[in-house]
Amino acid sequence: MKATLSALLLAASAHLISAHYTFPDFVANGTTSTDWEYVRITANHYSNGPVTNVNDPEFRCYELDLVNTASETGTATVVAGSNVGFHADAVMGHPGYFSAYMTPASPAANSEQAGTGSTWFKIWEWPPRYTPTTGLIFDSENIQAVNFTIPKTLPNGQYLIRVEQIALHVASTYQGAQFYIGCAQVNVIGGGSGTPGPTVAIPGVYTGYEPGILINIYNLPSNFTGYPSPGPAVWTG
C-alpha cells in the first residue's frame with residue numbers, strides 16, 4: 001500500500017511539473033522566432049514554474065536577470081494592425097484566463113527601465129465561457145500558442161508585449177493562482193494616433209484578491225453569472 005501511494009504521489013508530481021510551461025517564441029510576420037530571440041528569457045526557463053506573487057518585481061516580465069536580460073534580447077519589427085502571438089514550449093494544459101498587455105518602452109525596448117511605470121494597457125483577453133448548465137468552459141485549455149492583433153491606431157515606436165495566463169486550477173486560496181508570463185520586445189511601424197488606455201502598473205495591476213484570481217472554479221458561488229476578467233478593460237484602438 002505504501003509503495004502504491006508513493007508511486008501515485010510521484011506520478012502526480014511529475015504531471016504537475018510537466019503541465020508547466022514558458023513562452024520562449026514570439027510569432028510575427030508569419031514567422032516563429034527561435035527560443036528567447038525576442039522574448040526576454042524568464043527565470044523559469046528550466047523549471048517552467050509559475051509566478052504566484054503579484055507584488056513581486058519579477059511579476060512584470062519574470063526575467064532571468066532584472067538588469068541584463070533586456071539588453072541581451074532582440075527587438076522584432078511588427079506592423080500595427082497585424083497578428084502576433086506567443087508559442088509555448090509545451091501544451092498549456094491548465095484551465096485559465098489569457099491576456100496580453102503592451103507598454104511604450106522608454107528609452108528603448110531593450111532597456112531595463114522599459115515598462116516600470118503606470119504605462120501598461122491591455123490589448124486582448126481570452127476569458128472562459130460560462131453557462132449555468134456546464135459551469136466554466138475553458139476553450140484555451142490544451143493549446144500551445146495564442147495569437148492576437150496589435151491595435152491599428154497604436155502610435156509607432158518601441159514597446160513591450162506581455163502575454164499572461166492565469167492558471168486557475170488551484171486558485172481557491174490566496175497566491176494559489178499560477179501566472180505564466182512572457183515579454184517580447186518590439187518596434188511598431190505603420191501605426192496611427194490612438195491613445196491607449198486605461199493604463200496600469202505591473203506589478204500593481206492586481207492585488208491577488210480579485211474574484212477572477214481568487215476563485216474556486218470547481219465550486220462556484222450560487223449567484224455566479226460569469227467569469228470576471230481581472231485588470232483593466234481591453235483597448236482595441
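1. In this predicted model, the radius of gyration of the protein chain is 18 Å, and because a compact globule with 237 residues would have a value near 18 Å, the two agree. Taken along the principal axes, the box that the C-alpha atoms of the protein chain fill is roughly 60 × 40 × 30 Å.

2. On burial and surface, 46% of the 237 residues of the protein chain count as buried, while the accessible surface of the protein chain comes to about 10500 Å², with 55% of that area belonging to carbon and sulfur atoms.

3. An open sheet is formed by 4 strands in the order β2-β1-β4-β9, with antiparallel pairing. At its edges stand β2 (31–32) and β9 (143–149), and each of these has a single partner strand, so one side of each is left without a neighbour in the sheet.

4. Within that sheet, strand β4 (residues 83–92) runs antiparallel to β9 and is joined to β9 by 6 bridges; as one example of a bridge to β9, His-87 has Ala-145 as its partner.

5. As for charge, the protein chain carries 7 positive and 15 negative charges, and the mean positions of these two groups are 7 Å apart.

How values were computed: Residues numbered from 1 in each chain as written. Predicted model: local features only at pLDDT ≥ 70, side-chain atom pairs only at ≥ 80, totals over all residues. Heavy atoms only, no water. Rg over C-alpha atoms; globule rule 2.2 N^0.38 Å. Buried < 20%, exposed > 50% of the residue type's maximum accessible area, 1.4 Å probe, protein only. Areas by Shrake-Rupley, 256 points an atom, 1.4 Å probe, with all protein chains shown as cover. Lys, Arg positive; Asp, Glu negative; His and termini not counted. Charge placed at Lys NZ, Arg CZ, Asp CG, Glu CD. Pairing = 2+ DSSP bridges. Helix = DSSP H or I, 4+ residues; strand = E, 2+ residues; numbered from the N terminus.
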